[in-house]
Amino acid sequence: DRHRARDAHAVIIELDDRAVLHDQRVLHAELLGERHVAGEVHVRAVHGDERARPGQAQNLDAARLILDGMVREAGEEGRRTRMEAARLLAWLPDAFESQLTTLLRDEDAEVARYAVIAVGVLKKRTLVAAVLERLADPLVVPDAIDALAQFGDSISGTLYDYLGDPSVPRGVRREIPELLLRIGTAQAHFVLLEHLADRDAHIRF
């Protein structure tokens, strides 16, 4: 299901300002797609309709407020909430880079996994470097490679620079050949060939 959001319908968040103040927990649940009878908050998927709607900007502002609270829930107690926020970002409009950046740097690998998946779904080129940093975490590597491979040749130059930069952690550099193979283009293969002389056998591949 990690890729289904790429083809998902536009998500429209309709928030009642009074509900924001009334019950933060209900808002969290509604943002995650659980519909309540009270009807103060609705998450609605609209097939193929991306036209601007009245109040949409205000709705996004309210969603930002809620997501800010979710990503700030610290420690093990807030782990589930942060994970839910990361999963949610793959479905929402591309308007929450700050929150996604915070989740990419989360100390919990499961939270970071869902954050890197969201980067791949949203094709957030500005967050490629943050995802590359997570290649140092073995628990995040498979999802990070999946997400980064979706950028294709647009990140080949970045990967070339990372492979040739001795200041980049070895754990990150060692995962890049696998990523280049996943991209599989002529440019990606060129980057691999350019580093055949590297002293690290894993980077030479």
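Predicted model: local features only at pLDDT ≥ 70, side-chain atom pairs only at ≥ 80, totals over all residues.
Started with a helix pair: Pro 177, Leu 180, Leu 181 and Ile 183 of α11 touch Ala 188, Val 191 and Leu 192 of α12, a contact being heavy atoms within 4.5 Å. I sorted the residues of that contact and got seven nonpolar, no polar and no charged. For that sorting, Ala, Val, Leu, Ile, Met, Phe, Trp, Tyr, Cys and Pro are nonpolar, Asp, Glu, Lys and Arg charged, and the others, Gly among them, polar.

Residues are numbered from 1 along each chain as its sequence is written, and side-chain values use heavy atoms, with hydrogens and water left out.

Next I looked up the geometry. Helix α11 (residues 176-183) and helix α12 (residues 186-193) have axes 8 Å apart, at an angle of about 155°. That makes the two roughly antiparallel (over 145 degrees; under 35 is roughly parallel). Axes here are lines fitted to C-alpha atoms over the stretch in contact, with angles from 0 to 180 degrees between N-to-C directions.

Then I went to α6 (residues 109-122) and α8 (residues 141-149), whose axes come within 8 Å and cross at roughly 10°. These two are therefore roughly parallel. Arg 113, Val 116, Ile 117 and Gly 120 in α6 meet Asp 143, Ala 144 and Ala 147 in α8. I got four nonpolar, one polar and two charged for this contact.

Last, I checked the whole protein: 13 helices and two strands, which are DSSP runs (H or I, at least four residues; E, at least two) numbered from the N terminus.

Terms used
Parallel < 35°, antiparallel > 145°, perpendicular 65-115°, else oblique.
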